[in-house]
Amino acid sequence: MENSMLLTLENVEISREENVILNDANFTLHSGEFVYIIGKVGSGKSSLLKSLYCEIPIKRGEAHLLDYNLRKIKRKDIPYLRRKLGIVFQDFQLLTDRSVNRNLEFVLKATGWKKKSEINARIESVLQQVGMQNKGYKMPHELSGGEQQRIVIARALLNKPKLILADEPTGNLDPDTSGQIVQLLHDICSKDTAVMMTTHNYNLVHTYPGRVVKCENASLNDVGE
């Protein structure tokens, strides 16, 4: 299991309109690492993740993710980069008009999977990984918040990403369920998938330790384990 570099940011600036969100940010991430990005609301945690999946442009500096230069990435290459990432949103973003299985099938078909048998096997595999193997027939509204977030994590795992970006994945969940979701992300990380998770829940950070990086005063500071 090689500890290869997935992400390097050097003197990166991220801004929206006139507001500088991060300035001279430096950061490296290796495969299989679990990193919490902490900081106050509005400190730039979510913007950092969005810049990694090319929703917010990086204004200057050097930024390399997997084999892509984020400063120079062509629009047509963005979907290919995103396929190599698993993205977990606070508000789930499941398609509410179809079952769990159909949600997952939609993503696989959209990312080029063709064979029905392979699609079904992959769906079964990721649902098992998140402890939801018997819920594939259910509609999103029939699931609790914690169950929906497990499905979102299953969706993020479909294309075997090297990196999962989890933006406040416990923001809408109660403390017990939050702990279960973070434990699940740690379990996934232990199988060599890196995880970057934004949170302002310090209890979780203490209970499920990982590397901690703080967004503060438009900069990123490693505060260790």
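How many salt bridges does a search of the whole structure find? The search finds 11. The notes below concern a predicted model.

1. The sheet. Four strands make up an open sheet in the order S2-S1-S4-S5, and their pairing is antiparallel. Strand S2, residues 19-30, and strand S5, residues 68-69, are at the edges. Each of these has a single partner strand, so one side of each lacks a neighbour in the sheet.

2. Pairing of S1 and S2. Strand S1 covers residues 5-16 and pairs with S2 in the antiparallel sense, over 8 bridges. Within this pair, isoleucine 14 is placed opposite leucine 22 of S2. Helix H1, residues 45-52, packs on the sheet and touches S1, S2 and strand S4 (58-65). The direction of H1 makes about 115 degrees with that of S1.

3. H4 against H5. In general, two packed helices are described by the angle between their axes and the distance between the axes. Helix H4 (residues 116-129) packs with helix H5 (residues 145-157) at an angle of about 130 degrees, and their axes are 9 Å apart. H4 and H5 are therefore oblique to each other. The crossing of H4 past H5 is right-handed. On the H4 side the contact is made by Arg122, Val126, Leu127 and Gln129, and on the H5 side by Ile151, Ala154 and Leu157. Sorted by class, the contact of H4 with H5 has 5 nonpolar residues, 1 polar and 1 charged.

4. H5 against H6. Helix H6 spans residues 175-189; its axis and that of H5 come within 10 Å and cross at roughly 15 degrees. What does this angle make of the orientation of H5 and H6? The two helices are therefore roughly parallel to each other. H5 passes H6 in a right-handed crossing. From H5, the residues Gly146, Gln149, Arg150, Ile153 and Leu157 meet Thr177, Gln180, Ile181, Leu184, Leu185 and Ile188 from H6. The contact of H5 with H6 has 6 nonpolar, 4 polar and 1 charged residues by class.

5. H3 against H5. Helix H3, residues 100-110, also packs with H5, at an angle of about 25 degrees and with the axes 10 Å apart. This angle makes H3 roughly parallel to H5. The crossing of H3 past H5 is right-handed. Val100, Leu104 and Val107 of H3 meet Ile151, Ala154 and Arg155 of H5. The residues of the contact of H3 with H5 divide into 5 nonpolar, no polar and 1 charged.

6. Residues of H5 named in these contacts. Ile151 and Ala154 take part in the contact with H4 and also meet residues of H3. Leu157 belongs to the contact with H4 and also meets residues of H6.

7. Which residue forms a salt bridge with arginine 211? The partner is glutamate 33, and the closest N and O atoms of the pair are 2.9 Å apart. Arginine 211 lies in strand S9 (residues 211-216), whereas glutamate 33 lies in the loop between S2 and strand S3 (34-38). The pair links distant parts of the chain, 178 residues apart.

Definitions and conventions
Residues numbered from 1 in each chain as written. Predicted model: local features only at pLDDT ≥ 70, side-chain atom pairs only at ≥ 80, totals over all residues. Heavy atoms only, no water. Pairing = 2+ DSSP bridges. Contact = heavy atoms within 4.5 Å. Axes fitted to C-alpha atoms, helices over the stretch in contact; angles between N-to-C directions. Parallel < 35°, antiparallel > 145°, perpendicular 65-115°, else oblique. Left-handed = near helix turned anticlockwise from the far one by under 90°. Nonpolar A, V, L, I, M, F, W, Y, C, P; charged D, E, K, R; others polar. Salt bridge = Lys/Arg side-chain N within 4 Å of Asp/Glu carboxyl O.
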